[in-house]
Amino acid sequence: MSQVFDPKELLERVDNDWDFLADTIQMLNSDGRGLMDEIRNHLAAADAPALGRAAHTLKGMISNFCAPSTQAAAFEVEKIGKSGDLLPAPAAVENLSAHLDALIGALNDFLTTRS
């Protein structure tokens with residue numbers, strides 16, 4: 001499996017401010033998981049436009065963490081929502097959820113390496 005995020009690029013983005021990084025990871029943990037709940041609710045309601053908007057918001061949040069595969073998973077859900085064809089959405093949403101969980105786990109693990 002490829003790297004979940006690029007730690008060097010991430011530290012450069014936050015100017016090596018570990019406290020700020022910890023705060024942003026906590027926001028991803030709470031707000032990102034909340035958006036995943038919204039995405040699941042929009043899928044259950046078959047609301048394709050709302051699904052696309054929520055995935056777009058999550059994609060933007062993820063973009064701050066140098067995690068291209070997770071961002072791509074969010075973009076896939078966004079495209080599905082925009083297309084209106086929800087047939088591939090359940091698998092794409094579960095893929096996004098797994099990527100988000102892996103990203104949050106990897107980021108939290110990374111915080112423990114602070115020297």
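Reader: What makes E9 and R13 about one helical turn apart?
Author: Their spacing: E9 and R13 both sit in helix α1, four residues apart, so about one helical turn separates them. Helices here are DSSP runs (H or I, at least four residues; strands are E, at least two), numbered from the N terminus. Heads-up: this is a predicted model, where local features need pLDDT of at least 70 and side-chain atom pairs count only at pLDDT 80 or more, while totals for chains, interfaces and linings use all residues. Residues are numbered from 1 along each chain as its sequence is written, and side-chain values use heavy atoms, with hydrogens and water left out.

Reader: How do you know that E9 forms a salt bridge with R13?
Author: The rule wants a side-chain nitrogen of Lys or Arg within 4 Å of a carboxyl oxygen of Asp or Glu. For E9 and R13 the closest N and O atoms are 3.1 Å apart, so the pair passes. By this rule the count comes to eight salt bridges.

Reader: Why is E9 called partly exposed?
Author: Buried means under 20% relative accessible area and exposed over 50%, with partly exposed in between (1.4 Å probe, protein chains only). E9 has 32%, so it's partly exposed. R13, at 45%, gets that label too.

Reader: What makes K59 count as buried?
Author: Its relative accessibility is 16%, and the cut-off for buried is the one just given. E78, the salt-bridge partner of K59, is buried as well, with 2%. The closest N and O atoms of K59 and E78 are 2.7 Å apart. K59 lies in helix α3 (residues 48-62) and E78 in helix α4 (residues 68-83), so the pair ties together parts 19 residues apart in sequence.

Reader: Why is the pair of F5 and F110 edge-to-face?
Author: Rings of Phe, Tyr and Trp (its six-membered ring) pair if their centres lie within 6.5 Å; planes under 30 degrees apart are stacked, over 60 edge-to-face, the rest tilted. The centres of F5 and F110 are 5.5 Å apart and their planes are at 75°, so edge-to-face it is. F5 is in the segment before α1 (7-13) and F110 in helix α5 (residues 89-111), 105 residues apart.
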